[in-house]
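Below are a few notes to read with the structure open beside you.

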Amino acid sequence: VYYVFVTWAMSIGYGVGNTAKALIDTPGVKSIDVVDLSQDILSMSPTVFPDAREQPLRDPRMHVHVEDGRYFLLVSEQEFDLITGEPPPPGIAGVENLYSREYFQLMRDRLADGGVVTYWLPLSDLSDVSARSILRAFCDVFDDCSLWNGSGTNLMIVGSRGLPGGVSEKVFRAQWSTPSIAAEMERLGVERPEQLGALFIGDATFVRSLVGNAAPLTND
């Protein structure tokens, strides 16, 4: 079991705010940078979270940037313990560049030692060729890439910058002792720590065998 202690977190793409809400509910997180290109998307947060106390963007640890995620990664000097990305699915103009090898490299460059990247892989919006190209691009950058189940046809790819190793069972189980996290995990069907392992699909060796000789998605 591996676990990263998150102090500095970054989310690329706000969406409806579920990931941002999960980050502010996580104990120990001191700072969260949210980057989204659309002010209109950000302004919808009160509609999704009508209770002001629940609105992620009102949390004092939250820093909002109305900016292109690629540009932010390129010019930022901050290192993050966790970078998570949930951009629109590929197929929308310009979005492919948020799934390219060069973009994943930018994310890795902004990770602190031992930091982790998680990224959304929406299979329902991808052909087999596209999915393999994205996975190849990600695994070209992250030697320890792995593939995880989400919900339905939504998967998650994970990589790190030298994740140091395991933690004690006590530390790992502590997440289920935090009321806000435990309630959300139960809602997602992960009532006990042991069930998290059921979401694991395969490690780097598995993913690379799945990808085969597919060419990586690049900016070109």
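1. A word on terms before the sheet: two strands pair if DSSP finds at least two bridges between them. Please also keep in mind that this is a predicted model.

2. The sheet is open and is formed by 8 strands, in the order E3-E2-E1-E4-E5-E7-E6-E8, with mixed pairing. Strand E3 (62-66) and strand E8 (200-202) are at its edges with a single partner strand each, so one side of each has no neighbour in the sheet. On average, neighbouring strands here are turned by 20° against each other, direction ignored.

3. Asn149 has Leu155 in E7 standing opposite.

4. Now to the rings. The model has 8 aromatic pairs. One of them is Tyr99 with Tyr119, an edge-to-face pair at 5.5 Å centre to centre and 80° between the planes. Tyr99 sits in the loop between strand E4 (80-85) and helix H5 (101-109), while Tyr119 belongs to strand E5 (residues 111-122), so this pair ties together parts 20 residues apart in sequence. Both Tyr99 and Tyr119 are buried.

5. Phe172 and Trp176 make a tilted pair, with 5.4 Å centre to centre and 50° between the planes. Phe172 and Trp176 are both buried.

Terms used:
Residues are numbered from 1 along each chain as its sequence is written. This is a predicted model: local features need pLDDT of at least 70, side-chain atom pairs count only at pLDDT 80 or more; totals for chains, interfaces and linings use all residues. Side-chain values use heavy atoms; hydrogens and water are left out. Rings of Phe, Tyr and Trp (its six-membered ring) pair if their centres lie within 6.5 Å; planes under 30 degrees apart count as stacked, over 60 as edge-to-face and the rest as tilted. Helices (H or I, at least four residues) and strands (E, at least two) are DSSP runs, numbered from the N terminus. Buried means under 20% relative accessible area, exposed over 50%, partly exposed in between (1.4 Å probe, protein chains only). Axes are lines fitted to C-alpha atoms, for helices over the stretch in contact, and angles run from 0 to 180 degrees between N-to-C directions.
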